[in-house]
Structure formats: C-alpha cells, structure tokens
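Have the sequence and the model open as you read.

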Amino acid sequence: MPAMAQTGNQIEELVVTAQKKEEALQDVPIAVSAFDQNALEKSKIDGGPNLVLAVPNVNFSKGNFTGYNFQIRGIGSKLVAASGDAGTGIHLNNAPLISNNLFETEFYDVERVEVLRGPQGTLYGRNATGGVVNMLTAKPTDTFEGNARAEYGNYNTMKARGMINVPL
C-alpha cells in the first residue's frame, strides 16, 4: 500500500486521521493501511470483505445470516449471539457503528478507508482490541459533479449506484 501517490512529477502525500487529527501517513506511529478512492478502485476493493486482499493480518469470514467475523491480527468475534461485541471496531466518520454490516458495505464516494492494526482502545474506546476500520465519506464540494455506475452479470444480475453533488 503506497503512502504516497505520484502524480506527474509531483509526489502527493496521503493525510490520515488515525490519531483523531489530520497528519501525514508517514508520521503516524501506528500500523495503518489507508486507501483513498483512487487506490480502492485500482486495487479492486469495492467493499468490506475485499480488505483482506490489500491489508496484512486481516481475515474476514461470513457467518450465518448477517453475522461475520472480521479479524485483525487474529482478534475478532466468533460469537453467534447478537449480544456479543466484536474485538475489532468499525467506525464511520470516526463514530463507532454498534450493529454494523461490514459484509454488505460498499466503498462508494468515500474520501478514504483506514485500517489501524493493533490495540486502539485509547483513541477509539472499547472493542478496539484488534484494531479499527475507519471509513470516511467524501465531503461535499462547491462544484456540481456526479458519478454513476451500472453493472450487469450472470443470471440477469443488475447493480446500479450513483452520487450527485449540488452546491448550495
């Protein structure tokens, strides 16, 4: 996972909020894998289960019904009961998701996805023993823009998604 992306003759620095403040990825003393929207598309990471393709020490398995086991460094949740808490925190815009569905989550119109490996209880509270997945959505801009995507697959499977930004 590149910490810097090269655009032309300039090297662009990736800024993360792993420690609840904006700082350059290379200055963060935490094991972090961060992906912006372009890196997610290049790596073909379109949802939560695909993070195992690009992040070391991450394992993901689907359980019964809506259950799943997302593990970082072997710490996750293998509980069948709905009352159990996972050992890996899933956050959206730095807010914890109590009942999350990372298996069904798609990374579309996000600013970046950060995966922090190792205990993060000091900054992210309980249930961050294994680490944290922090998804940051894209902020609105002052320009009119839109994006649409459609897919068609086997057995007449169809999928469409899009976004529009209208300045106010």
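## Strand 5 against strand 10

Val32 has Leu116 as its bridge partner in strand 10. That bridge belongs to the pairing of strand 5 with strand 10, antiparallel over six bridges. Strands here are DSSP runs (E, at least two residues) and helices likewise (H or I, at least four), numbered from the N terminus; two strands count as paired if DSSP finds at least two bridges between them.

This is a predicted model, where local features need pLDDT of at least 70 and side-chain atom pairs count only at pLDDT 80 or more, while totals for chains, interfaces and linings use all residues. Residues are numbered from 1 along each chain as its sequence is written, and side-chain values use heavy atoms, with hydrogens and water left out.

Zoom out and you get an open, mixed sheet of five strands, in the order 5-10-11-8-9. Strand 5 (31-36) and strand 9 (95-96) are the edges, and each has a single partner strand, so one side of each has no neighbour in the sheet.

Strand 8 (residues 88-92) runs parallel to strand 11, and five bridges join them. Look for His91 opposite Asn134 of strand 11. How much of strand 10 is buried? Seven of its eight residues are, so strand 10 is largely enclosed by the rest of the structure. Buried means under 20% relative accessible area, exposed means over 50%, and partly exposed is in between (1.4 Å probe, protein chains only).

In soluble globular proteins, nonpolar side chains tend to be buried together. The largest nonpolar core here has 18 residues, and Leu51, Phe70, Phe107, Val113 and Val133 have the most contacts inside it. Strand 6 (58-62), strand 7 (68-72), strand 10 (110-117) and strand 11 (131-137) each supply at least two of its residues. Apart from it lies another core, of twelve residues, including Ala18, Ala34, Leu116 and Tyr124. A core of this kind is a set of buried Ala, Val, Leu, Ile, Met, Phe, Trp, Tyr and Cys residues joined through side-chain atoms within 4.5 Å.

Val133 is worth a click: beyond four places in sequence, its contacts (heavy atoms within 4.5 Å) include Leu51, Phe70, Ile72, Ile90, His91 and Val113.

## Gln37 in helix 1

Gln37 sits in helix 1 (residues 37-42). Gln37 has a relative accessible area of 17%, so it counts as buried. Setting aside residues up to four places away in sequence, Gln37 touches Phe107, Tyr108, Asp109, Val110 and Glu111.

## Positive phi in the loops

Most residues other than glycine have a negative phi. Asn57, in the loop between helix 1 and strand 6, has a positive phi near 65 degrees. At 48% relative accessible area, Asn57 is partly exposed.

Then there's the hairpin of strand 12 and strand 13, with three residues between the strands. Asn156 is exposed, with a relative accessible area of 54%.
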